[in-house]
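Reader: I would like to know how the labels attached to this structure were reached. Please take them one at a time.

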Amino acid sequence: MGYKVAVVGATGNVGREMMNVLTERRFPADEIFAIASRRSLGTEVSCGDTTLKCQDLEQFDFSKADICLMSAGSSVSKAWSPKIGTTGCVVIDNSSCWRYDQDVPLVVPEVNADAVVGFSKKNIIANPNCSTAQMVVALKPLHDAAGIKRVVVSTYQSVSGAGKEAMDELWAQTKAKYVPGQEIEPNKFPKQIAFNCIPHIDVFMEDGFTKEEWKMVAETKKIMDPKIKLTATCVRVPVFVGHSESVNIEFERPITADEAREILRDAPGVLVVDKREPGGYVTPVEAAGEYATYVSRIREDATVENGLALWIVADNLLKGAALNAVQIAETLIERNLLKAKAAA
């Protein structure tokens with residue numbers, strides 16, 4: 001007897017990817033329900049070789065689902081996830097709503113799979129921020145080996161992380177036959193995104209950091225180790241899919257680039273592509289559509305004791321969102337923490 005999975009936000013970028021991942025990974029689902037807002041009622045979405053019609057979130061009976069993959073934003077999750085959880089359906093939420101709740105585990109299966117056992121307090125598990133997810137997959141095996149003291153990360157985040165409207169804006173601005181000096185009216189972003197970089201993701205906080213940067217700090221501490229010091233600069237770049245990160249790490253104990261390379265080659269979810277030659281590294285174009293977190297440009301940082309520098313790239317819609325959510329569901333099943341209602 002398989003599981004019944006509801007995908008909330010099925011018409012969005014991440015919701016569509018969730019259904020793709022469920023079918024690609026042959027998730028043991030007897031039935032998948034595409035759920036969206038009332039205005040999307042009846043909209044058809046692809047799920048593998050089948051087509052599903054969207055059902056209304058407000059009318060759907062979640063008691064007939066075992067798992068809800070929620071990707072409809074923080075306000076929707078705040079209103080609906082607790083209600084869904086009370087029906088016995090486990091919510092795996094992709095928004096920032098529940099990540100910092102002490103009663104909700106924040107999980108990246110390659111890093112802290114044991115944390116899933118805490119889901120029963122609210123029947124909710126949180127997916128981390130897309131930029132955090134790929135980074136901790138690469139950092140965790142290095143932390144286990146040499147103990148991370150401090151991380152300095154600069155992100156180069158694709159527009160898909162801001163949704164379909166953001167992707168449309170980049171496409172429209174790119175098609176506008178831009179020439180230097182020409183004014184382009186921004187809409188989704190505060191400044192022109194085509195042929196530009198914007199060092200501003202999410203809202204500004206009182207200390208001058210943005211909330212996206214704060215998320216990386218708080219989530220890394222919750223997922224990996226509260227003693228790790230981290231500072232981030234998050235930048236939106238004119239890339240459709242795939243987040244990149246330049247990461248400088250200071251360790252407690254000595255670790256060489258060669259040692260780090262071997263550790264990462266054996267790490268779950270990581271693929272090392274690190275040839276010291278033109279093209280011997282991964283860019284977002286190669287990472288798009290792939291499940292792996294890619295690590296390149298592994299080198300020693302002589303400016304600090306026990307320092308390394310890395311380049312990390314992953315598909316933000318997959319490892320940063322849809323794939324990680326499905327992996328969490330798989331972890332629940334593998335550990336016998338979730339029984340299909342029909343079977344029970």
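Author: Buried means under 20% relative accessible area, exposed means over 50%, and partly exposed covers what lies in between. The model is a predicted one.

Reader: Why is Phe-60 called buried?

Author: Phe-60 has a relative accessibility of 8%. The cut-off for buried is under 20%, so Phe-60 counts as buried. Phe-62, with a relative accessible area of 4%, is buried by the same rule.

Reader: What makes the pair of Phe-60 and Phe-62 edge-to-face?

Author: A search of the whole structure gives 5 aromatic pairs. In the pair of Phe-60 and Phe-62 the ring centres are 4.9 Å apart and the planes stand at 80°. Centres must lie within 6.5 Å for a pair, and planes over 60 degrees apart count as edge-to-face; the pair is therefore edge-to-face. Phe-60 and Phe-62 also belong to one aromatic cluster with Phe-33.

Reader: Why is the pair of Tyr-156 and Trp-311 called tilted?

Author: The ring centres of Tyr-156 and Trp-311 are 5.6 Å apart and the planes are at 50°. Planes under 30 degrees apart count as stacked and those over 60 as edge-to-face, with the rest tilted, so this pair of Tyr-156 and Trp-311 is tilted.

Reader: What does the pair of Tyr-156 and Trp-311 tie together?

Author: Tyr-156 is in strand 9 (residues 148-157) and Trp-311 is in strand 14 (residues 307-314), so the pair ties together parts that are 155 residues apart in sequence.

Reader: Why are helix 1 and helix 9 described as oblique?

Author: Helix 1 (residues 13-24) and helix 9 (residues 318-334) pack at about 50°, with their axes 9 Å apart. Under 35 degrees would be roughly parallel, and roughly perpendicular begins at 65; the two helices are therefore oblique to each other. Helix 1 passes helix 9 in a right-handed crossing.

Reader: Which residues of helix 1 and helix 9 meet?

Author: Val-14, Glu-17, Met-18, Val-21 and Leu-22 of helix 1 meet residues of helix 9 including Leu-318, Ala-321 and Val-326.

Reader: What makes Thr-293 buried?

Author: Thr-293, placed in strand 13 (residues 293-300), has a relative accessible area of 0%, so Thr-293 is buried. Beyond neighbours within four places in sequence, Thr-293 is in contact with residues that include Gln-134, Val-270, Ile-312 and Lys-319.

How values were computed: Residues are numbered from 1 along each chain as its sequence is written. This is a predicted model: local features need pLDDT of at least 70, side-chain atom pairs count only at pLDDT 80 or more; totals for chains, interfaces and linings use all residues. Side-chain values use heavy atoms; hydrogens and water are left out. Axes are lines fitted to C-alpha atoms, for helices over the stretch in contact, and angles run from 0 to 180 degrees between N-to-C directions. Helices (H or I, at least four residues) and strands (E, at least two) are DSSP runs, numbered from the N terminus. Angles under 35 degrees count as roughly parallel, over 145 as roughly antiparallel, 65 to 115 as roughly perpendicular and the rest as oblique. A crossing is left-handed if the near helix is turned anticlockwise from the far one by less than a right angle, and right-handed if clockwise. Contact means heavy atoms within 4.5 Å. Rings of Phe, Tyr and Trp (its six-membered ring) pair if their centres lie within 6.5 Å; planes under 30 degrees apart count as stacked, over 60 as edge-to-face and the rest as tilted. Buried means under 20% relative accessible area, exposed over 50%, partly exposed in between (1.4 Å probe, protein chains only).
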